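Subject: Structure handover

Hello,

I am passing on the structure we talked about.

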Amino acid sequence: MSTRILALDTATEACSAALMLDENSVSERFIITPREHTQRILPMVDNLLAEAGITLNDLDALAFSCGPGSFTGVRISIGVAQGLALGAGLPLISVSTLAVLAEGAWRQIGVSQVLTAIDARMGSVYWARYQRQAAGVWLGRDSEAVLAPEELAAQTVDLTGCWAIAGTGWQTYPLLIDNDLVQLIPGHTLLPSARDMLPLAFHYYHHGGARSVEYAEPAYLRNEVAWKKLPGRD
């Protein structure tokens, strides 16, 4: 039986939505639009559903990027996902933005070891190292952190071998890693795409990873900084 999942991502400068009707049928809408996520994401959803001839009620689950990423972008992602899921009675699947980048590098070049880094501003990056296991499972969620570039040296002393790089952090800080035992290759994935969320969401859905709306939570990695930036906070 097919599994129908709609995925949404607004966590970075990119805004995208993707629809899976089964494992071999995926369609996507993607645009780079740093300040228009709220205007763009719902029309993307409507367009995908209309193209497929289905409604939200025909879906099995809805996936969203839980972060890390832009504070506002992550809030949009979770808010829109909760609203749509609540109205249609759908479970939600949260997917790490960094894991989505790793999946994107896999799709592009078939590499199973990926160093992901998103420019987090304020002289830091959202960082993780992901390794792909059997059945498309990525290990690395526990390595996710927000770090200054100079702090990465301590985080990568044990790295060896060939790793692909993905994310805007490498564009901002080209020399994030200075380790002669590591060979870095382009993963050709700068920004996350909702289509790369779908294989991860599919796995989570079939292994108990879909949860009710009230349990959806963002993953900022830097909660205290985001809280201080809110109006009226110091």
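The notes below go through aromatic rings, a helix packing and one threonine.

Please keep in mind that this is a predicted model.

Aromatic pairs

There are two aromatic pairs in the structure. One is made by Phe71 and Tyr220, whose ring centres are 5.0 Å apart with 40 degrees between the planes, a tilted arrangement. Phe71 belongs to helix 2 (residues 71-88), while Tyr220 sits in the loop between helix 6 and helix 7 (223-229), so this pair ties together parts that are 149 residues apart in sequence. Phe71 is partly exposed, at 29% relative accessibility. Tyr220, in contrast, is buried, with a relative accessible area of 10%.

Trp127 and Trp170 also pair, with ring centres 6.2 Å apart; their planes stand at 55 degrees, so this pair is tilted. Planes over 60 degrees apart would have counted as edge-to-face. Trp127 is part of strand 7 (residues 125-132) and Trp170 of helix 5 (residues 169-172), so the pair links distant parts of the chain, 43 residues apart. Both residues are buried: Trp127 has a relative accessible area of 1%, and Trp170 has one of 7%.

Arginines over rings

Two arginines lie over ring faces. Arg132 is placed over the face of Trp106, 3.7 Å from the ring centre. Arg211 is placed over the face of Tyr215, at 4.6 Å from the ring centre.

Helix 3 and helix 6

Helix 3 (residues 97-109) packs with helix 6 at an angle of about 100 degrees, and their axes are 8 Å apart. That angle makes helix 3 roughly perpendicular to helix 6, as angles of 65 to 115 degrees count as such. On the helix 3 side, the residues that meet helix 6 are Ala99, Val100, Glu103, Gly104 and Arg107. Their counterparts in helix 6 are Arg195, Asp196, Met197, Pro199 and Leu200.

Thr189

Thr189 is found in the loop between strand 11 (182-186) and helix 6 (194-205). Is Thr189 buried or exposed? Its relative accessibility is 9%, so Thr189 counts as buried, the cut-off being under 20%. A polar atom of the Thr189 side chain lies 3.0 Å from the backbone oxygen of Gly187. Leaving aside residues up to four places away in sequence, Thr189 touches Leu101, Gly104, Ala105, Gln108, Ala166 and Gly167.

Regards

Note on methods: Residues numbered from 1 in each chain as written. Predicted model: local features only at pLDDT ≥ 70, side-chain atom pairs only at ≥ 80, totals over all residues. Heavy atoms only, no water. Helix = DSSP H or I, 4+ residues; strand = E, 2+ residues; numbered from the N terminus. Buried < 20%, exposed > 50% of the residue type's maximum accessible area, 1.4 Å probe, protein only. Polar contact = N/O pair within 3.5 Å; in protein donor to acceptor, adjacent residues only side chain to side chain. Contact = heavy atoms within 4.5 Å. Phe/Tyr/Trp six-rings, centres within 6.5 Å; stacked < 30°, edge-to-face > 60°. Lys NZ or Arg CZ within 6 Å of the ring centre and 35° of its normal. Axes fitted to C-alpha atoms, helices over the stretch in contact; angles between N-to-C directions. Parallel < 35°, antiparallel > 145°, perpendicular 65-115°, else oblique.
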